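Q: Hi! Could you walk me through this one while I have it open? I'll jump around a bit.
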Amino acid sequence: MKDRTKIGIGAEGQISEWELLPWLSIEKSIRKLRRRIFRASREQKWNVVRSLMKLMLRSYFNLLESVRRVTQKNKGKKTAGVDGEMALNPKTRMALIRSMGKYTLWKAKPARRVYIPKPGKPGQERPLGIPTIRNRVAQAMMKNALEPNWEAQFESNSYGFRPGRSAHDAIQHCWILLNGRGQRPWILDADIKSAFDNISHDHILNAIGPIPGRALIKQWLKAGYVEAEVLHATESGTIQGGIISPCLLNVALHGLQQTLGSTYGYIRYADDLIVCANTHEQIEAAKSIIEEWLQQRGLTLHPEKTRIAHINNGFNFLGFSIKRYRGKCLIKPQKEKVLAFLAKLRWWLNKHKQATAENVIRHLNPILRGWTNYYKTQVSKHVFSYVSHQIWKMLWKWCLRRHPEKGKYWVGKKYFGFHENARWIFQAYSGDKTIYLFKCSSVKIERHIKVKGTASPDDPILQDYWKKRQKNCKVHQRKVTKALSLTRLGARAG
């Protein structure tokens, strides 16, 4: 009799083969191999690095985890590429795993071009390329081999699209650089123009060098995209929507911190840069250095999104407003982002005038929790109170519109109640219990502790550090990511 723990039961209503896979052991095995790649790269044992990368690319566990990531964890799991294929249930996932052994990875298919709304810019869209499901799985496998190699090399002050590093680390680094009456008050707030679309293929391939899978990466870069049934070539750039694209962008932008040197303070989050200097002249010089450095990579600074500012006048970065007041650097939620957030909530309520109070609460609560979780690490208490008041006004108008023939006393009694020592909290009855709207003003400020130096979860020496850090941060980061995703989806769902 065959081992049921390996093949599963398979009959309808019973545990499937997919669900019986030993996921904890699979994740542990991949994590160990990533750490071996990291250590060999840190020690500059490049032959060992290449051997271990080959081992990762041939790993059956890596294939299993990559299929799981593409078909279960990724936001785009329900979006098909040019082949129209998806794998949304255990049976089709196992079929995908079996088919990957026969699939010719070296013949990468083009991506399917789709457009999504630009956050905070109504009416504007940005393009995404959706690779086929097999290309996405192969990219996830390649990322597990390539990423730990480069995590051992990446600079300490880059934060975007890297494991264990977040926007909060970048923001906290800003505070460390700019707090007090110290030096470097001049700021270059820079944005790289269309970095994903314009990055040089030759530079990426030269940077990664002769590694296993290099030819495959080249295939993905050159595969092109299909829009309106027309194939378009890609002479530059890496497709936005590709799993490996953020890692390739970080590889291409590696080295700017070293180029600028110790004269400047430097922070990079993906394609957003902050450079600090003592004088206006030094910042102008830094801008010239950066422009020349980017030109070698096929990139330029965005003229409309790049500016020079003094810290006393402030600047915006990653949704925060950073400004120095009487020698003290204060970081607050960016005003434009706050107003845009409220506008999205107002728009949704106007589109759902007939929704039940229960559905309104169940829709808004994860969005409000995610939004406050993102901003609660800085000086946000007054903003949270303002947002709470504005949301109350929106809901009060929403309630009055639903009952134009009823008096305000009746409306208040029906929709608002007392909860956690606060009055006039929007409420609804769900079965035998009362549910309440999440109150932003009740959120406490919790300072974020910046990741130290070049620390990476792939570093085997820092296992205890990451266990302690992840214990404190993992739940918080997951809630932020999930709820901010719900914010974007909710804004479009109306």
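Q: Let's start with alanine 270: buried or exposed?
A: Alanine 270 is buried, as its relative accessible area is 6%. Buried means under 20% relative accessible area, exposed over 50% and partly exposed in between, with a 1.4 Å probe and protein chains only. This is a predicted model, in which local features need pLDDT of at least 70 and side-chain atom pairs count only at pLDDT 80 or more, while totals for chains, interfaces and linings use all residues. Residues are numbered from 1 along each chain as its sequence is written, and side-chain values use heavy atoms, with hydrogens and water left out.

Q: Where is alanine 270?
A: Alanine 270 sits in the loop between E6 and strand E7 (272-277). Helices (H or I, at least four residues) and strands (E, at least two) are DSSP runs, numbered from the N terminus.

Q: And what about phi of alanine 270?
A: Phi is near 60° there, a positive value in a residue other than glycine. Most residues other than glycine have a negative phi.

Q: Which loop holds glutamate 229, the one with a positive phi?
A: Glutamate 229 is in the loop between strand E4 (225-227) and strand E5 (230-232). Its phi is about 65°, although glutamate 229 is not a glycine.

Q: Is that glutamate 229 buried or exposed?
A: Glutamate 229 is exposed, with a relative accessible area of 82%.

Q: Switching to helices: how many residues of helix H11 are buried?
A: For helix H11 (residues 245-252), 8 of the 8 residues are buried, so the helix is largely enclosed by the rest of the structure. They are Ser245, Pro246, Cys247, Leu248, Leu249, Asn250, Val251 and Ala252.

Q: What covers the buried residues of H11?
A: The cover includes helix H6 (133-151), helix H8 (195-198), helix H9 (201-208), helix H10 (214-222), strand E6 (265-269) and helix H13 (280-295). Contact here means heavy atoms within 4.5 Å.

Q: OK, H7 next. How far does H7 reach?
A: Helix H7 (residues 167-178) has 12 residues and spans 17 Å from its first C-alpha to its last, close to the 16 Å expected at 1.5 Å a residue. That expected span is 1.5 Å times one less than the number of residues in the helix.

Q: Why is H7 called largely enclosed?
A: Because 9 of the 12 residues of H7 are buried. Among them are Ala167, His168, Ile171 and Leu178.

Q: What does isoleucine 171 touch?
A: Leaving out residues up to four places away in sequence, isoleucine 171 touches Phe317, Leu318, Phe320, Ile322, Ile331 and Gln378. Isoleucine 171 counts as buried, at 0% relative accessibility. From proline 131, isoleucine 171 is 40 residues away in sequence and 33 Å away in space, C-alpha to C-alpha.

Q: Which helix has lysine 468?
A: Lysine 468 is in helix H18 (residues 463-493). With 63% relative accessibility, lysine 468 counts as exposed. Its C-alpha is 39 Å from that of proline 127, which is 341 residues apart from lysine 468 along the chain.

Q: Zooming out, how many helices and strands?
A: The protein has 18 helices and 14 strands. Its radius of gyration is 25 Å, close to the 23 Å that the globule rule gives for 494 residues, so the protein is as compact as a globular protein of that length. The radius is taken over C-alpha atoms, and the rule is 2.2 Å times the number of residues to the power 0.38.

Q: How much of the protein is buried?
A: Of its 494 residues, 49% count as buried.
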